[in-house]
Amino acid sequence: MDNISSGAAVTIIVVAHNSARYRARQMAALAAQTIQIWRLIYVDNSSRPIERPSQSELMEGAVLIQNEENLGFAAANNRAAETVRTEFIAFLNPDAFPEPDWLEQLLAGARRHPNAAAFASLQLMDAADDKFDGAGDVMHASGLYYRALHGKTANGVALSEGGVFSACAAAALYRTQWFHKLGGFDEDFFCYGEDVDLGFRLRLAGGATILIPAARVQHVGGGASEFADYYGARNRVWVFLKNMPLALLIALSLPFISSNLILIAAHGRNGRRRTQWSGFRDGCKSAHAMIAKRNAIHRNRAISTLKLAAMLTWSPQALVNCRGKILDR
């Protein structure tokens, strides 16, 4: 079936970088979707020549974009999204494999929540599908963020459909109008945290994000690396500085700095402390750029500081329990 049709309701965007080992499995998972009212844009973000996709490896009718430069996750998705005119955009990591009814469940959830802006999938660990990989994103009052339920046992756990702070863009659905209205992902982030940043901006603009537990994907995940350590640490600073309302920014600055320093110290035994510190330092040094962006964001803010505060997680115990999730995000 040609999935690029005038009747398409969703554009699925996959941004890949050296991900050839996942391609056939993901294409099979997309081909098995119970509804086919979608189109696919597959972006290769400057993979090694041997890892680059050919048109024949993709779904019939898919648009293949070959970038000669690695633009980063944020910019590559934005470039693909520029031409999207379908009602919804779905972002799917190349190592995320949706269940056959994944898209059908997301769209059904969107119909049940017509005023919501974004929809999070329920992610299961690919290596151990009896464990959660994530159930939407949590924003702690300390400014640290993590995937809800990451690493917890999934067997016998029934989750309710409802609001979460933001959607992990490894497998998420957005109303295209909202995505374009907010300018998509912040390309300065390159990768890591850009989905939390977008979810934060959606919240400030009055949009909601809903977890759809019936929309399930298996996700491999990137694991720990110096690359992830640096960008994760830098971008945590940017998310906090750029989005937190001023009263909360002032009140929570000390907990934010303290929690980040504790997190950096926790990397000491495995030799990653220096990379984490470099990211945190560079995030602070470039604060002026984020302050300029926050002025525009908060000038058009649609919710009160108190309402935003109620969306944060405040429990100190939650922060203790989530430490491993932050380290491995």
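Which helix is R112 found in? The close-up views below come from a predicted model, and the opening view takes up this question.

**View A. R112 in helix α3.** R112 is found in helix α3, which covers residues 102-112. Its relative accessible area is 45%, so R112 is partly exposed. Setting aside neighbours within four places in sequence, R112 is in contact with Q105, E161 and I212.

View B. Helix α1 has twelve residues, 20-31, and reaches 17 Å from its first C-alpha to its last, close to the 16 Å expected at 1.5 Å a residue. Its buried residues are Y22, R23, Q26, M27, A29 and L30. These cover an arc of only 160° around the axis, which puts them on the same side of α1. Look to the other side of α1 and you will find R21 and A24 exposed. The cover over the buried residues of α1 includes strands β1 (10-16), β2 (38-45), β4 (88-92) and β5 (96-98).

**View C. The salt bridge of E51 and R48.** A search of the whole structure finds 16 salt bridges, and one of them is shown here. E51 pairs with R48, with the closest N and O atoms 2.6 Å apart. E51 counts as buried because its relative accessibility is 10%, whereas R48, at 46%, counts as partly exposed.

**View D. The salt bridge of E87 and R175.** The side chains of E87 and R175 meet in a salt bridge, at 3.8 Å from N to O. E87 lies in the loop between α2 (72-81) and β4, and R175 in strand β11 (residues 171-175), so the pair ties together parts that are 88 residues apart in sequence. With a relative accessibility of 49%, E87 counts as partly exposed; R175, at 12%, counts as buried.

View E. D188 is partly exposed at 41% relative accessibility, and K293 is partly exposed at 25%. Both belong to a network of salt bridges that links D186, D188, D197, R201, K242 and K293.

**View F. A nonpolar surface patch.** I257, L261 and W277 make a nonpolar surface patch of about 270 Å². I257 is found in helix α7, residues 246-265, and is partly exposed, with a relative accessible area of 40%.

Conventions
Residues numbered from 1 in each chain as written. Predicted model: local features only at pLDDT ≥ 70, side-chain atom pairs only at ≥ 80, totals over all residues. Heavy atoms only, no water. Patch = residues over 30% accessible without salt bridge, like charges linked within 9 Å, V, L, I, M, F, W, Y side chains within 5 Å. Areas by Shrake-Rupley, 256 points an atom, 1.4 Å probe, with all protein chains shown as cover. Salt bridge = Lys/Arg side-chain N within 4 Å of Asp/Glu carboxyl O. Helix = DSSP H or I, 4+ residues; strand = E, 2+ residues; numbered from the N terminus. Buried < 20%, exposed > 50% of the residue type's maximum accessible area, 1.4 Å probe, protein only. Expected span 1.5 Å × (residues − 1). Arc of directions from axis to C-beta. Contact = heavy atoms within 4.5 Å.
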